[in-house]
Amino acid sequence: MSKQEQPPSAAEEEADEERAIGPVTTGSESVIRALENAGVEAAFGVQGGAIMPVYDALYHSDIRHVTMAHEQGAAHAADAFSVVRNEPGVCLATSGPGATNLVTGIADANMDSDGLVALTGQVPADMVGSDAFQETDTTGVTAPITKHNYFADDPDSVGDTVGEAIALADEGRPGPTLVDLPKDVTLGETDAEPGPATPPETTQPQYVADEADVREAADAIEAAERPLLLFGGGVIKADATDEARSFAREYEIPVVTTMPGIGSFPEDDDLCLSWAGMHGTGYANMAITHTDLLIAVGTRFDDRLTGGIDTFAPEAEVIHIDIDPAEISKNVHADYPLIGDAGIVLDQLDDAIGRAPEAESWREQCLTWQDEYPMDYATPDDEPLKPQFVVEVLDEATDDDTIVTTGVGQHQMWAAQYWTFSEPRTWVSSHGLGTMGYGLPAAVGARIAADDDQQVVCIDGDGSFLMTIQALSVAVREDLDITVAVLNNEYIGMVRQWQDAFFEGRRMAAEYNWCPEFDMLAEAFGARGFRVDDYDEVADTVEKALSYDGPSVIDFHIDPAENVYPMVPSGGANGKFALTEDQL
């Protein structure tokens, strides 16, 4: 009989009985019961004094808790869990520094509309405002970066408050919520069982667009000569990729995505022009520049996509589908605003359209731009290893449903440009906030959320990797099968690229030639470490790292002079992208 088949020992049975779920007797038990009622399976956090009662109640729960090495990592892991699972991720921290260490991750989730629930310990309510040990006004600090936050004030209602926070994080446009938990509330006695997770009654998103508005938009699509679909992250958040793909293919409309929308449409499809914006493909940016009807689904038109608003899609009328009315005409004027759920509204449009637009010549033009502006690169023998090559080898060595997490910088752009994504929820990155250090803790959260047979690859930069490298200890302790590829150019590469282009080459505080040897550091953490300097080492080392059943780190020493192109200068016109530094 194998170890897995052995019957439980008496000690194990006793431990299971001790952990058995009983009636709610305290506020902290009510908090955990609310998580269980909502179907929460995993939580990420760091222990501490004020949150200790909640952790004590968590001891008796089947919820998997992953102790992170830093609270920022807990928030990023919960964020990535949310992206992969399409349900709110949960993170916990104590009061004061624990709560403030969560702030970067909460802000990141807020910018990217990721469902996240933060539970923070707080000093007893009667000590709030007295500058008590490890006291911070957590609700005040996080009010601008959450959908809503709560200060729990009663053991009898705290469970329902947590349930509401979970439901609100997932309702309509997802986003982070926070519940601040004073210690006297979590220690306080109660027998009140929390009900099911329910959003506030005042939260009633509009899911179905106005029929008259849909009719007008459908007429515009039928009449368009150069229609273009723009799929944003909202397509994935709404689980609307099937509807989006069917719509594009039925009407043979070319597709561009935003960076958060990567994976919403297969990048190997003939209709796909990949992603647009500052470092998007030349052909995606040309299509946006010349379309006469932009059908935008689930995007907030951020500045990294649009460049200068006055030059964005200058010849186009705009259909904008979004569940959040605040996004309509906020940055780009919508000629045809359609407020509602992405999948539902696309189905409404499909029902309303009588004939496909006549756009054969437009599709041919888009193919011509793909030929004119290919995403290629040179690999001279007398220059160091190119990062694009590394990304392509990793892509070829892994399955189509492999989850890719990244930090922020040049490596993030190369990963987005040279990995061919075909499935939603496989691109996990920091977009709006641009958080260096996101990649590794996100890989931890993604690994916990992913199917057992899914691969998880973190493509990181040396600067980003250093910021949250302590999360590697978590991956080792939890025996998580994660492959980390560090594209190490000994610079904060994107800063160096901008300094060379716009600051006359003054590379102030951008050089990172003091980085440790990441392969040896990985071994010190208990992971497998590899170092690669040459092209002929790449494929073999990637195979070894991927086949290792546990966390591995490959330190790829890449060309420090390599830059990310195409590039649209900040505030510039998408159609005037640069392919070399001389064109900036």
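Colleague: How many residues of helix 18 are buried?

Modeller: Start with the terms. Buried means under 20% relative accessible area, exposed means over 50%, and partly exposed lies in between (1.4 Å probe, protein chains only). Helices (H or I, at least four residues) and strands (E, at least two) are DSSP runs, numbered from the N terminus. Now the case: helix 18 covers residues 439-449, and eleven of its eleven residues are buried, so it is largely enclosed by the rest of the structure. Among them are Gly439, Leu440, Pro441, Arg447 and Ala449.

Colleague: What should I keep in mind about the model itself?

Modeller: This is a predicted model, with residues numbered from 1 along each chain as its sequence is written. Local features need pLDDT of at least 70, side-chain atom pairs count only at pLDDT 80 or more, totals for chains, interfaces and linings use all residues, and side-chain values use heavy atoms, with hydrogens and water left out.

Colleague: How many salt bridges does the structure hold?

Modeller: A salt bridge is a side-chain nitrogen of Lys or Arg within 4 Å of a carboxyl oxygen of Asp or Glu. The structure holds 24 of these salt bridges.

Colleague: Which residue does arginine 33 meet in a salt bridge?

Modeller: First, the helix rule. An α-helix has 3.6 residues a turn, so residues three or four places apart point the same way. Here, the side chain of arginine 33 meets that of glutamate 36, at 3.3 Å from N to O. Both sit in helix 2 (residues 27-37), three residues apart, or about one helical turn. Arginine 33 is buried at 13% relative accessibility. Glutamate 36 is partly exposed at 22%.

Colleague: Where do aspartate 559 and lysine 386 lie?

Modeller: Their side chains form a salt bridge of 2.7 Å, N to O. Aspartate 559 lies in the segment after strand 18 (552-557), and lysine 386 in the loop between helix 15 (360-372) and helix 16 (387-397), so the pair ties together parts 173 residues apart in sequence. Aspartate 559 is buried, at 6% relative accessibility. Lysine 386 is buried too, at 3%.

Colleague: Are arginine 496 and aspartate 500 buried or exposed?

Modeller: Arginine 496 is buried, at 1% relative accessibility. Aspartate 500 is buried, at 16%. Their side chains meet in a salt bridge, 3.2 Å from N to O. Both lie in helix 21 (residues 493-502), four residues apart, about one turn of the helix.
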